[in-house]
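Hello,

Here is the structure I promised to pass on. Please have a look at it first, and then read my notes below.

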Amino acid sequence: MRFNSLAFRLFATSAAWTLLVLPLAGYLIYSLYRDDVQLSFDAQLKKLLTALAIDSMNTTGDAPVPPQNLYEPLFEVTNSGWYWQVRPIDGAPGRTLVSPSLASAILPSPYAKKFPTDNTGTRWMNVPGPTGETIRILEVIDTPGHEPDKTKYSVIVAGPLNWLEATVAKFRNRLTTALSLFGLGLMAVTLFQVRFGLLPLRRIEKGLTSIRSGEASKLEGQLPAEIEPLQNELNALIQSNNEIVDRARTQVGNLAHALKTPLAVITNEAREDKSPFAVKVAEQAQIMRDQVGHYLDRARMAASAGAIGRVTPFEATADPLVRALERINRDKGIAIYLQVAAGAKFQGEKQDLEEMLGNLLDNACKWGRKRVQLKAVIVAPDGKVRAKRLVVTVEDDGPGLSAEQRAKIGKRGMRLDETKPGSGLGLSIVSDLATSYRGSMSLDASPLGGLLVRLELPAV
Amino acid sequence: MRALVVEDDKDLNRQLVTALGDAGYAVDTAHDGEEGYFLGDTEPYDVVILDIGLPKMDGISILEQWRRSERKMPVIILTARDRWSDKVTGMDAGADDYLAKPFHMEELLARVRAQVRRASGHAKAEIECGPLRLDTKSARVTCEGQQIKLTSHEFRLLAYLMHHNGRVVSRTELVEHLYDQDFDRDSNTIEVFIGRLRKKIPVDVIQTVRGLGYRMSQGADEV
């Protein structure tokens, strides 16, 4: 998932919300539960305290009596954390009663430590118990028989706080586990939702790819209502793009036709005459002729540069060209050998491929002696080049070019504005066309003896 | 040699007629497709210059129809449409060569010569016939190195015979191939010209085959 993508945005907002809400909810539940457990713990201690106070103080004598039943077996177990104690306050003489669990220890009195009472006259205090664990102490001050003038006793019940904490901690762990799982589940659902929801966009992406590669001429399929207008607009745009290209081609063709016949007339007329004026006219007409050719080629090229998604089968394009060139050069008895990888397709306009091949083959036939060779292979994408390439080579057995000549022509072919029309080889337009398809043209010596021209073009 | 020019641009048409005429061809001309088609279908031309963009009937259709009815004369397409797809269309329709406008007249004439030569089975620009040598490029005839002065009619007659040396050429064929359609076709004029030619070149070079026509003797191609 890319950082700047709809899927990421949707997923990130949803994830952020989940990450924020789940811990908050967890904390809330945890607090409520902890308070609840605390309250019930306190309530139980309070109940025990009340029972102890009633049992030990309901006496007619001056001393408290041991409680009969305290409903808590852990009072009997030594150091269980559950204790009770009845003891006179302020160091007054009197009987001290303790639970068996307390053994010989004495619990500190919140009264002695000046803890305030709550509204029921009870004091609460958390202190380390006899074994070192924290215990919660409740205390009321009472007198035997509840008579105010008798000796005041501190009645204490204590329970282990770590039990409370253990319970709460256990709950917290379970809650954390449950909420984490829930959170992960939510993320998974969100992920699915995002993918599923954005599936039509994927389809658009695929559709556009196949349009660019020429497999489809428009965006196909039933898309959701929200993006249907987009689909319609895109299709209209593609159609108008194709129309513009075709129209431009037609206009350029018409312009060519309209200009070239008068130019031919002027040229021929002027060459008949040997006056300085006619010579000048002939010279200028020649320049015009070159310029017209040069810029018409480039106008056609510019028109096709904007075209979307055209695919040209290589062999079906090369075959008629080879046939035509063999016919044109039949007196010379030159043979053109064609060797094309099965199913090779050029990603681009048929006319442009024809221009490139036509010019190269024409040159090769012009310079070659008996043999011209046209090869086309498909090169699979590798580390350097991402897309499939169509590599075309045209070679002849003619005199060829020297390395310096090749370098000179290669350099001139590199840049459009320096490429003067009428180079004589027609290579500049080939190079420009190849470049316009983000391809390249290079020259080399052929093993046949002549020139080898190598084109790298986009393939399908 | 008879040539047909089918070109709708009046100026270019006139230039082509003049240039071909100067080069020794008997030229017929048409300014639209229908006329051009009719001429090519009925008259025996040795070469046709055909434009593609023509009124009434386009050049490709004309060419296809000619070829369908077995008209096999060499056709050179002359057009402003210089894309390779246009060239392929033209060649597939049965053209023998293709020349894009604007062009140099010398280039056109060279191609016309090449087509005429090829149609009559000669590979080289020079045709030899015994002591005679015809340079198709310069339209000159020499006899043992000496240039022979010929009128345009005499030249056409001799050139046609030399192009078709080794076979008998009938008087009718000569008439059909030497004069444009407006010429008064009287086969007696052929005999007059043969007579004049025999005075300028060795007499036995042009042999009369009684009842059939004429034949060039000692053609280089026969040896």
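In which sense do strand S7 (residues 335–340) of chain A and strand S9 (residues 371–379) of chain A pair, and over how many bridges? They pair in the parallel sense, over 6 bridges. Two strands count as paired if DSSP finds at least two bridges between them; strands (E, at least two residues) and helices (H or I, at least four) are DSSP runs, numbered from the N terminus.

Before going on, please note that this is a predicted model: local features need pLDDT of at least 70, side-chain atom pairs count only at pLDDT 80 or more, and totals for chains, interfaces and linings use all residues. Residues are numbered from 1 along each chain as its sequence is written, while chains are lettered from A and ligands numbered from 1 in the order in which they are written.

Back to the strands of chain A. Ala335(A) has Arg371(A) in S9(A) as its bridge partner. S9(A) is also joined by 8 bridges to strand S10 (residues 389–396) of chain A, and these two run antiparallel. There, Gln373(A) is partnered by Glu395(A) of S10(A).

Chain B has an open sheet of 4 strands in the order S6-S7-S8-S9, with antiparallel pairing. Strand S6 (126–129) and strand S9 (146–147) of chain B are at the edges with a single partner strand each, so one side of each has no neighbour in the sheet. Within this sheet, S7 (residues 132–135) and S8 (residues 140–143) of chain B are joined by 4 bridges, and Asp135(B) has Arg140(B) in S8(B) as its bridge partner.

Where do the chains meet? 23 residues of chain A are in contact (C-beta atoms, placed from the backbone, within 7 Å) with 23 residues of chain B. Helix H3 (228–272) of chain A gives the most to chain A's side, with 12 residues.

Finally, the largest nonpolar core has 106 residues, and Leu361(A) and Ala3(B) touch the most other members. Such a core is a set of buried Ala, Val, Leu, Ile, Met, Phe, Trp, Tyr and Cys residues joined through C-beta atoms within 7 Å, where buried means that 20 or more other C-beta atoms lie within 10 Å of the residue's own. Leaving aside neighbours within four places in sequence, the contacts of Leu361(A) include Leu321(A), Ile336(A), Val372(A) and Val394(A).

Enjoy exploring!

Notes. Two residues are in contact if their C-beta atoms, placed from the backbone, lie within 7 Å. A residue is buried if 20 or more other C-beta atoms lie within 10 Å of its own, exposed if 12 or fewer, and partly exposed in between; C-beta atoms are placed from the backbone.
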